[in-house]
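I opened this one to see what the coordinates could tell me, and kept notes as I went. Here they are, in the order I looked things up.

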Amino acid sequence: MTLTAVELLEVLWGRASTAPASPSQMRVLLMLEHQDGINLRTLADSLASTPPSTSRLCDRLVAAGFVERAVSPADRREVRLHLSSRGRGFLDDLRARREQELHAVLELMPAAKRTALLEGLEAFCNTAALQIHDNAPDAGDQTA
């Protein structure tokens with residue numbers, strides 16, 4: 001049942017296309033939204049990727065206007081990555097389109113089932129956030 005729900009959610013979200021960002025680029029945008037100003041090495045570690053691959057990924061996002069690079073005031077050799085206002089707008093728009101697709105399905109569900117789903121999703125989100133936080137790379141390691 002869980003796999004079916006995930007697949008159906010992917011279909012619904014597919015209706016709210018993530019174009020022009022690839023799935024890998026989406027991961028970067030979401031990470032920068034939550035860890036604004038991280039450096040390339042920290043981002044690469046978080047993505048389980050190499051700095052050169054992550055740099056190329058960021059190059060494409062900079063070219064699209066979704067990400068900005070800035071020299072660290074503490075160390076001129078370090079480059080910090082920031083989600084641009086265009087990148088934030090893209091994520092906001094994507095979330096609105098995804099929410100609209102989900103809302104259309106939820107409206108057709110009986111109220112009691114919607115309530116049960118909401119309670120289950122809240123528990124899931126809380127547990128997943130704790131697990132992700134516990135497995136995150138050390139935020140204090142910002143060298144690169």
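Predicted model: local features only at pLDDT ≥ 70, side-chain atom pairs only at ≥ 80, totals over all residues.

**Entry 1: the largest pocket.** I then asked which element gives the largest share of the lining. It is α6, with 8 residues. The space in this pocket comes to about 970 Å³. The lining has 24 residues, and those closest to the pocket centre are L9, L102, L106, L117 and L121.

**Entry 2: the whole chain.** Next I stepped back to see the elements in order. The protein chain has 6 helices and 2 strands. Read from the N terminus, they run α-α-α-α-β-β-α-α. I noted the span of the C-alpha trace along its principal axes as about 55 × 30 × 25 Å.

**Entry 3: surface and contacts.** How many of the residues count as buried? I found 24% of the 144 residues in that class. The chain exposes about 9,700 Å², and 59% of this area comes from carbon and sulfur atoms. I also looked at contacts between residues at least 6 apart in sequence: 58% of these join residues at least 24 apart.

**Entry 4: charges.** I counted 16 positive and 19 negative side chains in the protein chain. The centres of the two sets are 6 Å apart.

**Entry 5: F90.** Is F90 buried or exposed? Its relative accessible area is 9%, which is under the 20% cut-off, so F90 counts as buried. I listed its contacts, leaving aside neighbours within four places in sequence: T18, A19, P20, A21, M26, L29 and F66. One of these, A19, is 71 residues from F90 along the chain, and the C-alpha atoms of the two are separated by 9.8 Å.

**Entry 6: E99.** I stayed in helix α5, where E99 also lies.

**Entry 7: R27.** I turned to helix α2 (residues 23-34), which holds R27. With a relative accessible area of 44%, R27 is partly exposed, because that value lies between the 20% and 50% cut-offs. Beyond its neighbours within four places in sequence, R27 is in contact with S46 and L47. I also checked R27 against R69: they are 42 residues apart in sequence and 17 Å apart in space, C-alpha to C-alpha.

**Entry 8: A48.** My last stop was the loop between α3 (40-47) and α4 (51-63), where A48 lies. What is the phi of A48? I read a value near 55°, which is positive in a residue other than glycine. I made a note of this because most residues other than glycine have a negative phi. A48 has a relative accessibility of 74%, and being over 50% is why it counts as exposed.

Notes. Residues numbered from 1 in each chain as written. Heavy atoms only, no water. Helix = DSSP H or I, 4+ residues; strand = E, 2+ residues; numbered from the N terminus. Buried < 20%, exposed > 50% of the residue type's maximum accessible area, 1.4 Å probe, protein only. Contact = heavy atoms within 4.5 Å. Areas by Shrake-Rupley, 256 points an atom, 1.4 Å probe, with all protein chains shown as cover. Lys, Arg positive; Asp, Glu negative; His and termini not counted. Charge placed at Lys NZ, Arg CZ, Asp CG, Glu CD. 1 Å grid on protein atoms, 1.4 Å probe; cavity = no way out; pocket = protein on both sides within 12 Å on 5 of 7 lines; lining within 4 Å. Points joined across faces, edges and corners; volume = space filled by probe spheres on them.
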